[in-house]
Amino acid sequence: MTRSRRTELDVNGTVVEVDARPGEPLLSVLRGGLGLRGAKEACGRGECGACTVLLDGVPVMSCVLMVEEAEHGRITTAEGLAEEHRELRRAFAEKGGFQCGFCTPGQIVRAGALLDEAAGLGDEELRAAMSGNICRCTGYTQIIDAIRQAAAHRETA
Ligand code: FES
Ligand code: FES
């Protein structure tokens, strides 16, 4: 069995040490080793976006990213974005952007990364930008409406 090793990660602005096996998915380390349960495991193969986190500000699928690939970057999870993106959380609630909520942390992480440019995007562009995150419940319209509301709020804030 492959031995785990002590690994340093920069997560939500704090450098933490965690035991991780070589090749272990970042998602497993975040949820298991660090107890950060915002990123979800659904497909487990990089297709649904439920596990989305930011690596140096760029959305990545943490279920297919090896922990070694994240060692020298800044990782931001849904928990880390919670305060920064209050308006996005409120907009998802007000617009009905979630039902079961399983996809929601990943949706909010990806939406947060593009919020500054969202106001300048058309509906199709916004849908394309969010297309890496699958939702089985909402039909997406409410999610796009929520992102628009949050982007508009940011512009006037
Ligand atoms: S769980 Fe990672 S992309 Fe689906
Ligand atoms: S709200 Fe259920 S999967 Fe998106």
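Biologist: Let me begin with charged side chains: how many salt bridges does the structure hold?

Modeller: The general idea is that side chains of opposite charge can pair when their charged atoms come close. In this predicted model there are 10 salt bridges, and one of them joins Glu71 to Arg5, with 3.0 Å between the closest N and O atoms. Glu71 sits in the loop between β4 (58-61) and β5 (74-76) while Arg5 belongs to strand β1 (residues 5-11), so this pair ties together parts that lie 66 residues apart in sequence.

Biologist: Which side chain does Arg6 meet in a salt bridge?

Modeller: Arg6 pairs with Glu17, at 3.3 Å from N to O. Here the link runs from strand β1, which holds Arg6, to strand β2 (residues 14-20), which holds Glu17, the two residues being 11 apart. Both ends are partly exposed, Arg6 with a relative accessible area of 47% and Glu17 with one of 44%.

Biologist: Where do the partners lie in the salt bridge between Arg148 and Asp123?

Modeller: Their side chains meet at 2.9 Å, again from N to O, and the pair connects helix α6 (residues 141-156), where Arg148 is found, with helix α5 (residues 123-129), where Asp123 is found, across 25 residues. Arg148 is partly exposed at 27% relative accessible area, and Asp123 is also counted as partly exposed, at 44%. Salt bridges can share partners as well, and in that way Arg6, Glu17 and Asp19 are joined into one network.

Biologist: Turning to helices, at what angle do the axes of α3 and α4 cross?

Modeller: The axes of helix α3 (residues 86-95) and helix α4 (residues 104-118) come within 10 Å and cross at roughly 125°. An angle over 145 degrees would count as roughly antiparallel and one of 65 to 115 as roughly perpendicular, and α3 and α4 are therefore oblique to each other. The crossing of α3 past α4 is right-handed.

Biologist: Which residues make that contact?

Modeller: From α3 the contact uses Glu87, Leu88, Arg89 and Phe92, and from α4 it uses Thr104, Gln107, Ile108, Ala111, Gly112 and Leu115. Sorted by class, the contact of α3 with α4 consists of 5 nonpolar, 3 polar and 2 charged residues.

Biologist: My last topic is the backbone: what is the phi of Asn12?

Modeller: Asn12 is not a glycine, yet its phi is positive, at about 55°. Asn12 is located in the loop between β1 and β2, and with a relative accessible area of 29% Asn12 is partly exposed.

Biologist: And where does Asp56 lie?

Modeller: Asp56 is in the loop between β3 (52-55) and β4, and its phi is near 50°, which is again a positive value in a residue other than glycine. Like the side chains discussed above, Asp56 can be read by its accessibility, and at 41% relative accessible area Asp56 is partly exposed.

How values were computed
Residues are numbered from 1 along each chain as its sequence is written. Chains are lettered from A and ligands numbered from 1 in the order in which they are written. This is a predicted model: local features need pLDDT of at least 70, side-chain atom pairs count only at pLDDT 80 or more; totals for chains, interfaces and linings use all residues. Side-chain values use heavy atoms; hydrogens and water are left out. A salt bridge is a side-chain nitrogen of Lys or Arg within 4 Å of a carboxyl oxygen of Asp or Glu. Helices (H or I, at least four residues) and strands (E, at least two) are DSSP runs, numbered from the N terminus. Buried means under 20% relative accessible area, exposed over 50%, partly exposed in between (1.4 Å probe, protein chains only). Axes are lines fitted to C-alpha atoms, for helices over the stretch in contact, and angles run from 0 to 180 degrees between N-to-C directions. Angles under 35 degrees count as roughly parallel, over 145 as roughly antiparallel, 65 to 115 as roughly perpendicular and the rest as oblique. A crossing is left-handed if the near helix is turned anticlockwise from the far one by less than a right angle, and right-handed if clockwise. Contact means heavy atoms within 4.5 Å. Ala, Val, Leu, Ile, Met, Phe, Trp, Tyr, Cys and Pro count as nonpolar, Asp, Glu, Lys and Arg as charged, and the others, Gly among them, as polar.
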